[in-house]
Structure formats: structure tokens, C-alpha cells
Amino acid sequence: QVQLVESGGGLVQAGGSLRLSCAASGRTFSSYAMGWFRQAPGKERESVAAISRTGGTTYYADSVKGRFTISRDNAKNTVYLQMNSLKPEDTAVYYCAAGYYGGVRPNEYSYWGQGTQVTVSS
């Protein structure tokens with residue numbers, strides 16, 4: 001029922017910034033909690049950040065806390081991930097996901113975007 005499309009990835013130097021966007025289809029975006037996940041080569045898919053339906057509650061992985069900010073604009077059916085002070089270890093494919101309940105585990109989400117590559121050079 002939900003289609004998600006990520007954008008904003010790219011190649012940046014360490015210390016730089018990127019802003020990822022995830023555009024959702026439909027008019028029920030506000031019914032879903034949203035999450036950002038990433039998967040680096042040889043690593044499991046891990047939660048980066050999550051945000052509740054209204055944006056009132058957020059979660060961040062310890063590895064990105066203080067550097068990344070998740071936000072959403074329900075009027076635009078879009079969730080964002082502002083990434084500052086990027087590190088080489090942030091290099092991964094980043095995915096947005098939607099779920100009725102949300103959480104920090106991939107299996108708690110029902111819909112996924114195609115992913116966008118973020119590469120941070122040292």
C-alpha cells in the first residue's frame with residue numbers, strides 16, 4: 001500500500017553533511033511510524049533512527065546520536081535524515097521504512113524503499 005523512494009545519497013568527505021529524503025505515496029503517511037536503516041558491506045541491516053507518527057518521539061542509534069536528525073513532514077509525505085559530521089563508518093546503503101508500529105528491528109517494518117548509497121571518504 002505504501003511506496004517509498006529515498007534520495008539524497010552521494011559521496012562526501014569525512015566531516016561533511018548529507019540530507020536524505022524519503023517520499024511516500026498515498027495519503028496515509030501519518031498513519032505510519034518511519035525508520036531509517038543502513039546496511040554496510042558484510043554487516044547486518046541496522047536501525048539508524050526512527051520517528052513516531054506525529055514526530056513527537058524519535059530514536060537514534062548510539063553510533064549516530066548527536067550527528068543525525070530524523071524529521072518528518074506529514075503534509076509532504078516525506079521523512080528526512082539530516083546527517084552531519086559524517087564518518088567513513090557511516091558508509092552504507094540507507095533505507096527508509098514504514099510500519100504501523102515501528103521500532104528498531106527491520107522485521108517491525110512493512111514497507112521499504114529501494115535504498116540510497118552514502119559513501120564517506122576518509
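Six bridges, written 6 bridges in the count, join strand 3 to strand 8 (residues 78-83), and these two strands run antiparallel. Strands here, and helices likewise, are DSSP runs numbered from the N terminus, with at least two residues (E) for a strand and at least four (H or I) for a helix. Two strands pair if DSSP finds at least two bridges between them. The model is predicted, so local features need pLDDT of at least 70 and side-chain atom pairs count only at pLDDT 80 or more, whereas totals for chains, interfaces and linings use all residues. Residues are numbered from 1 along each chain as its sequence is written, and side-chain values use heavy atoms, with hydrogens and water left out.

**Overall form**

- The protein has 11 strands and 0 helices.
- From the N terminus on, its elements therefore read β-β-β-β-β-β-β-β-β-β-β.- The radius of gyration, taken over C-alpha atoms, is 13 Å, close to the 14 Å that the globule rule (2.2 Å times the number of residues to the power 0.38) gives for 122 residues, so the protein is as compact as a globular protein of that length.
- The C-alpha trace spans about 40 × 25 × 25 Å along its principal axes.
- Of the 122 residues, 43% count as buried; buried means under 20% relative accessible area, exposed means over 50%, and partly exposed lies in between (1.4 Å probe, protein chains only).
- Among contacts (heavy atoms within 4.5 Å) between residues at least 6 apart in sequence, 57% join residues at least 24 apart.

**Strand pairing**

- Strands of a sheet pair through backbone hydrogen bonds, either parallel or antiparallel.
- An open sheet of 4 strands has the order 1-3-8-7, with antiparallel pairing.
- Strand 1 (4-7) and strand 7 (68-73) each have a single partner strand and stand at the edges, so one side of each is left without a neighbour in the sheet.
- From one strand to the next, the twist averages 15°, where axes are lines fitted to C-alpha atoms (for helices over the stretch in contact) and angles run from 0 to 180 degrees between N-to-C directions.
- Strand 11 pairs with strand 2 (residues 10-13) in the parallel sense over 4 bridges, and with strand 9 in the antiparallel sense over 3 bridges.
- Val118 in strand 11 stands opposite Gly10 and is also the bridge partner of Ala92.
- Strand 11 (residues 116-121) has a covered face of Thr116, Val118 and Val120, while Gln117, Thr119 and Ser121 form the uncovered one.

**The disulfide**

- A disulfide is a pair of cysteine sulfur atoms within 2.5 Å, and by this rule the count comes to 1 disulfide.
- The disulfide joins Cys22 to Cys96, with an S to S distance of 1.9 Å.
- Cys22 lies in strand 3 (residues 18-24) and Cys96 in strand 9 (residues 92-99), so the pair ties together parts that are 74 residues apart in sequence.
- The link of Cys22 and Cys96 is right-handed, with 55° about the S-S bond.
- Cys22 and Cys96 are both buried.

**The nonpolar core**

- A nonpolar core is a set of buried Ala, Val, Leu, Ile, Met, Phe, Trp, Tyr and Cys residues joined through side-chain atoms within 4.5 Å.
- The largest such core holds 30 residues, of which Leu4, Met34, Trp36, Leu81, Met83 and Tyr94 touch the most other members.
- Two or more residues of this core come from each of strand 3, strand 4 (33-39), strand 5, strand 7, strand 8, strand 9 and strand 11.
- Leaving aside neighbours within four places in sequence, Leu4 is in contact with residues including Cys22, Met34, Cys96 and Trp112.

**Individual residues**

- Ser47 is found in strand 5 (residues 46-51) and is buried, with a relative accessible area of 9%.
- Beyond its neighbours within four places in sequence, Ser47 is in contact with Trp36, Phe37, Tyr59, Ala61 and Val104.
- Asp90 lies in the loop between strand 8 and strand 9 and is buried, with a relative accessible area of 0%.
- Not counting residues up to four places away in sequence, Asp90 touches Arg38, Val64, Arg67, Phe68, Ser85, Val118 and Val120.
- Asp90 and Arg53 are 37 residues apart along the chain, and their C-alpha atoms are separated by 26 Å.
- Arg105 has its place in the loop between strand 9 and strand 10 (111-112) and counts as exposed, at 51% relative accessibility.
- Arg105 and Gly26 are 79 residues apart in sequence and 24 Å apart in space, C-alpha to C-alpha.
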